[in-house]
Amino acid sequence: MSNKMTHLDKLEARSMHIIREAYANFKDLGMLWSIGKDSTVLVWLTRKAFFGHVPFPLVHVDTAFKIPEMIEYRNNYAKEWKIDMRYGQNEEALANKKTFSDGNCTRIECCQILKSEALKATLHGTGPRYRFNHETNEYDLEQNPEPFTGVIVGVRSDEEGSRSKERYFSPRDKANDWDVGNQPPEFWNQYKTDFAPGTHVRIHPLLDWTETDIWEYIQREDIPMVSLYFNQGDGKRYRSLGCYPCTFPIESSSKTVEEIVEELKAGKLKTIAERSGRAQDAEDGGLETLRKDGYM
Amino acid sequence: MFNEENMSIVIVGHVDHGKSTVIGRLLHDTNSLPEGKLDQVKETCKRNSKPFEYAFLLDALKDEQAQGITIDAARVFFNSDKRKYIIMDAPGHIEFLKNMVTGAARAEAALLVIDAQEGVMENSRRHGYLLSMLGIKQIVVIVNKMDLIDYDKEKYDIIVEEYEEFLSEIGVTASKFIPVSGFYGDNVASHSDNMSWYTDDNVLEALDNFENKSIEESAFRMPVQDVYKFTANGDDRRIVAGTIDSGQISIKDEIIFYPSRKKSRVNSIEYFNGDVRQSAYIGQAAGFTLEEQIYISRGEVACNIKELKPEISTRFKAKIFWLGEDDLVENYEYIIKIGTKKVTCKIEKIVSVLDASNLNNKIANRVKRHEVADIIIKTDKEVAFDLSENVSSTSRFVLIDNYEISGGGIIIESIDDGMSLLRKQREERDLNWYKSGVTSEEREKLYGHKPLTIIISGDKGSGRKSCARFIEKKLCMEDKKAYYLPFNNVVHGVGTDISKYKDEYTTKEHFRRLSEITNILNLAGVIVIVTIQSSVDDNYKYFFNGNTVELQIDDKDYEYYYKRVLEILDK
């Protein structure tokens, strides 16, 4: 066997190292799982880092508008991979019908309410949080949910401009603010893992991956993906997943992972942004506003 | 298809020496720009009666980057015929040195830009120095703006000579110097008619000639990130996990962990979702199980017993660069992280501080932000490391000041801390030790706990001895094997052949004997409690190896200390 590492080998090793560092340094650690391709690769890398196990909770923010296949997929793999699965939801807003679907706010406002706010409340343990019960296959309401001080997130630096300045370990202060101009240095596999009380950290093991890397890795590792990413015969597939009122498929004939990789490498999607099917991005401010707000 | 080559390059240099221009040219000459983009920017410049600069082109690309295919806030992407490149643009302003270091540390090679008209500036030197400290071995120096000095070979040679001399002083050899005009494209992706005297590689060729390989370091080194055991999921493997910094490891290899010096053999190389493996290599995030179960934890370095031994000490000399907001000062406490080991340390001495602007060493008792210096560090506990000339990756460390990574360094010399003789004796002892037929794991099962040495330290009259008796009794009542071994009993027992008067030599020898007995009791599975006065030399604490905990007693709430012990035993 050769010890020459390929590009994917190197990306994989670095991500695994970072995930293990996060696990060693943060007691209340969680990982966001959006069910999309990036965070599913992240879950896979976690299983690689821990030899088949996922030793910390995965957290999903369920807006209640997710495409049903996504929730089904989440529950199936939570079961199969023995995951400590949690989800949170902005139940108050849903009860008051403060959503875009109900015509009571804009797309961006809806994202802020159902994603950003729900995420904050779920992570901080101030909102309702449910935990998958592996015996009953039901979700139980968590009593006294603990706040997470370290959160692993699947952002990639090629997704959007400011992310290329992100660090692997990115501190956030009490107000959730990210100080782009004054970030900790990172070198020699050493990251900021020492924190003053009250701060928490976002950990980004996928920072160096591109969309093509993600799909090539899915192909190499044969990682099961939710079927929405593939053309089911109508010449359409999703390139990025979200809520059904605001997410639209792109024109693509790709039915398999191989075909998606081909499509990306041939540059067929070069002129279409990855998140072009996400209607909220097109609104004023878009992703930038949401990202600053804590939605990733 | 998975082997498509990628390479990360960092471009550094003094501010305004033309990094953006060189990048812009590279993009243009490799047809990496969106169609019509260059003309569009040139047109805008004309309309605003500004002279065109490639920096504007980069700004324009940043503004509209549809998908970050060409560029984003910190990186530029392009392809040559040979491979894909990611060029990390490191800011030339000194305030952004942290970002320069972060970018450079991710790179496999570097381009360093010097302005032909301005010549070698402070940051040309500082960046060169940092690249060498960060371990980037492949550096190409671009002497840019040759058009401004009329493509004059003599002037170029003077700059090359001056910078080469600087590089040789810091022990670096540049792969190449290239005279370039980024603005006109001379020697960027084509050869230049204006400089027929230069016939070597242009920038693009030099990039393609960088070798894409991780540095092959020989001796196996794996800083242990953790030892995993996921029994709750029905998995009984105990896996030692970490990223291999150097060398390789195979099944059956005999492994020794430093600084604990515990030994075992590799039983299996563990891997999820892949072919069965016999070996693991440099760069991999690896994991292996051991034939004999030993207690080791995060922070140890796994080595191959047949290969070069790392240094073990509490004192060493290092070259550092300082990024902290507060100055680095002598005798102040910092946290040092080497590999996965994290210990408290003191700066024993600042030997010299290098002035990057003139390369002169000066004597100072503090190191200011952005300076580099030679210092002597004294750690609280033993650490395992290598000298940078032997295994560079395990010679590297960072210093943490007030939660922040504030500096980085490489160890150049191990300094005797007065314990090296003892370490040698210990190694010989371990080498010749006749092992028990009952393994430590079997013994633990039998006794229901791990062995442990509890060092109770405190001032005279603080109640150390009473506290030790209290804990001993409580543990025994809980059915644990515990024994309090007072120093006094050693002095009057196995120590009768040497003087009871405590000069440095006799104290050290009495402590050595105390620790040897403690070691034997630990091997027998016993929790040993020893008491020492706070005034005793800190070095003596290193005598106790194995699973050790120190309790500093400052009030008489013994119950509290007992609970601490229970917590540690539970871990």
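Buried area is the accessible area, taken with a 1.4 Å probe, that two parts lose on being put together, summed over both. For chain B and chain A it comes to about 5,700 Å², with carbon and sulfur atoms giving 53% of that area. Each side supplies 67 residues, from chain B and from chain A, to the contact, where contact means heavy atoms within 4.5 Å.

The model is predicted, so that local features need pLDDT of at least 70 and side-chain atom pairs count only at pLDDT 80 or more, while totals for chains, interfaces and linings use all residues. Residues are numbered from 1 along each chain as its sequence is written, chains are lettered from A in the order in which they are written, and side-chain values use heavy atoms, with hydrogens and water left out.

A salt bridge is a side-chain nitrogen of Lys or Arg within 4 Å of a carboxyl oxygen of Asp or Glu. The structure holds 53 of them over all chains, and six salt bridges are counted between chain B and chain A. Two examples follow.

| Salt bridge | N to O distance |
|---|---|
| B:Arg298 and A:Glu21 | 2.9 Å |
| A:Arg239 and A:Glu211 | 2.8 Å |

In chain B, helix α8 (residues 420-432) packs against helix α12 (residues 504-523) at an angle of about 30 degrees, their axes lying 13 Å apart; the axes are lines fitted to C-alpha atoms over the stretch in contact, and angles run from 0 to 180 degrees between N-to-C directions. Helices here are DSSP runs of H or I with at least four residues. Because angles under 35 degrees count as roughly parallel, α8(B) and α12(B) are roughly parallel to each other.

Conventions. Helices (H or I, at least four residues) and strands (E, at least two) are DSSP runs, numbered from the N terminus. Angles under 35 degrees count as roughly parallel, over 145 as roughly antiparallel, 65 to 115 as roughly perpendicular and the rest as oblique.
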